[in-house]
Amino acid sequence: MHTSTPNWLAKPSDEYALPFLSGLFSESPIPSFITDKQGVIVNINPACERLLYLSPRQAEQAIGVYSIFRDRQLSANTELGPIMQLVYAQGKAQALEMSYTLGNIHRSRFICNKQLHFRVSFTPVPDRQGQVAYVLVQLQDLSREKSARDALQESEASYKAFITNSSEAIWCYDMQPPVAIDMEFEQQVRQIAQSARLVEANKVLINMLGVNSLDDILGAGLMDSGSRNYVFDIHYFVKNHYVMVDHDIVRQDSRGKNFYFQICCTGIVEQGQLKRVWGTTKDITARRRYEEKLRYQSYHDSLTALPNREKLYADMQTCFEQRGAEQISALLLIDLDRFKEINDTLGHNVGDHLLQLIGPRLANEMSEVPGTVARLGGDEFAVFLPRIRSTHQAVVFGHRLLDALSQEFDLDGFTTQISASIGIAISPQQAQDQHTLMRYADIAMYYAKSQMLGLAIYSADYDPHSTKRLSIIGELGRAIREDQLCLYYQPKILLDEKRCYGFEALIRWIHPELGFVSPADFIPMAELTTLIHQLTAWVLEKAIAQCRLWQDQGMPLSIAVNLSARNLMDDNIPKLVERLLLKYQLPAGRLELEITESSIMTDPARALRNLDALHALGVHLAIDDFGTGYSSLAYLKRLPVQTLKIDSSFVRNMLEDLQDELIVNSTIHLAHNLGLMVVAEGVENEALLERLNDMGCDEAQGFFIGKPMSAVNTSEWLVESGWVKQPD
């Protein structure tokens, strides 16, 4: 942009300033200039310089000097005079088409004979008093369009022959009545949709639309064109200054079949009104369907027709880019066991048939669960669940898939059964991107296969390349010896009495260099080594000692401690508990040991033997996270437990999720029918507390009642929380 002393953009007036025009002028591809209220040019943009063949110096010399009112050629235009009067005297925006010979402003013989034809629009810019301060003048070069139109008018016969013999559909819509282009955008769109009427078309268009003759479609409107998005097409047309280039549309016939077309068109605007639209249409249905076929083939497995690895990665990436902060996703990697034996014994054709049957079997389990089932190659499949409630839900779903795959397959009269191994990885807790998620699921799958577990969730313990695993295992033993561990306590209440009756002990590790280390990071690792026995012994002694302290302070509270699967397999665990109870003289009834369903299923007979021994001591036993395990319900009535703890993943959202509420309600009734008490975990607000009380739930714990706290803070909480009846 050129600036000079009279340039009003360089020194805006105190009355009115338009700073946004500076950027508009310098960047706009629309030839434009600005005049003051006397018609004197105060600015001109580079696009206008190029249109009028002005050098930067010529343009700068015109600023503050040249007046359009004194232009002889413009003054001679009888149509322009009244329009400029409306603009400059009355402040009304106007537009018209006109021609202009450059000889009026140039002396060069190479330029002076050049004639431009353009649409010119005048936009008044008022000052604060509403008077015209400046006028924005914009030019749209229509020279080529006018030349083409003139050429067509000069040779009507050639024009008709061109339309008739074209390999593309050629058509023209008239606006009846014409549509003013200065009206509001949405109003223009509505007006064009209502006014457009087909007035000309060649045989190609007649064939495209499937009609017998031109008479069948003459006078038809845009809504009769068959396009599913004609309103969107008009939006695009108007926003693109009444031009479309290679714009794709979809047309649907009477049977609902889609056809694809590409159109190019331009609007004819005269005297500020859109009068007609000329265009061509090319049938690209065959090309589009071929492209769709190629896209389908690139995203699907040719043998099973399931999505392939590329499609799986694409779905995962889309999910990760769009998911909310609280959204949890899971990838389940499935590898068939001993599939090679089927291939070697029955032949590859039978093996291929089996692979084709697996897709529908997996998809059937996905009927009510959104996600992607994919074949990755060979006998490896994957299921991606973009939205799950918790890790437990992924585990339960994985067991469903194992059950489905274990059912017999009919292979052309020969029946066989197969088994599989599944590895699960969770995002974003374990992996942030699809490649890491796949690697982690692969590690978990191979771990499940090597340990013959059927299913495993990824853990750094299983990853031989995890430096974190090696570091934590090495540090944990020292943490136990040097007392880096501590216990936090979360209160539990009796719902009918609204009274705290005890606490659950939760282990915490504050590493001197690593800082807080999550129990989820070190407890699973400890369970893979003998460190779990030292860790459990440490927790039991600290918890029992704290409970003894509460008894001595006159507060008859209980303490709950979690036992792992390896603890239940340890025949020394009853002896350890008995020794600690005697050491601290704590009544056995004040100690509650929590076990999970999955820990029982590792070795049910051995677990039951140790549970019976603990029960004989008088210790209370509870099933933790009930509802998230699998296949242990048959053992429930045989277990010497007194309490079921409903997992927080069902409780937390049950007021909004009817299915969760039904699960919680059914579990409460099941437990009561078996003579068991019920504890609800994850109670985070008063409404949940009241609803659980109405359902007949016995006990509850959660953040609304109290968060896990240090032993020091429990003393303050017991006094001030209101959940404990103080002694007189």
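Are Y489 and W550 buried or exposed? Y489 is buried, and W550 is buried too, where buried means under 20% relative accessible area, exposed over 50% and partly exposed in between, with a 1.4 Å probe and protein chains only. The model is a predicted one, so to speak of local features takes pLDDT of at least 70, side-chain atom pairs count only at pLDDT 80 or more, and totals for chains, interfaces and linings use all residues. Residues are numbered from 1 along each chain as its sequence is written, and side-chain values use heavy atoms, with hydrogens and water left out.

On to the rings. Rings of Phe, Tyr and Trp (its six-membered ring) pair if their centres lie within 6.5 Å, with planes under 30 degrees apart called stacked, over 60 edge-to-face and the rest tilted. That rule gives nine aromatic pairs. One of them, Y440 with Y458, is stacked, at 3.9 Å centre to centre and 0 degrees between the planes. Y440 sits in helix α16 (residues 434-450) and Y458 in the loop between β17 (455-457) and α17 (467-481), 18 residues apart; helices (H or I, at least four residues) and strands (E, at least two) are DSSP runs, numbered from the N terminus. Both Y440 and Y458 are buried. For Y489 and W550, the ring centres are 5.5 Å apart and the planes at 75 degrees, so this pair is edge-to-face. Y489 belongs to strand β18 (residues 485-494) and W550 to helix α19 (residues 531-552), so the pair ties together parts 61 residues apart in sequence. Ring pairs also join Y489, F503, W550 and W717 into a cluster.
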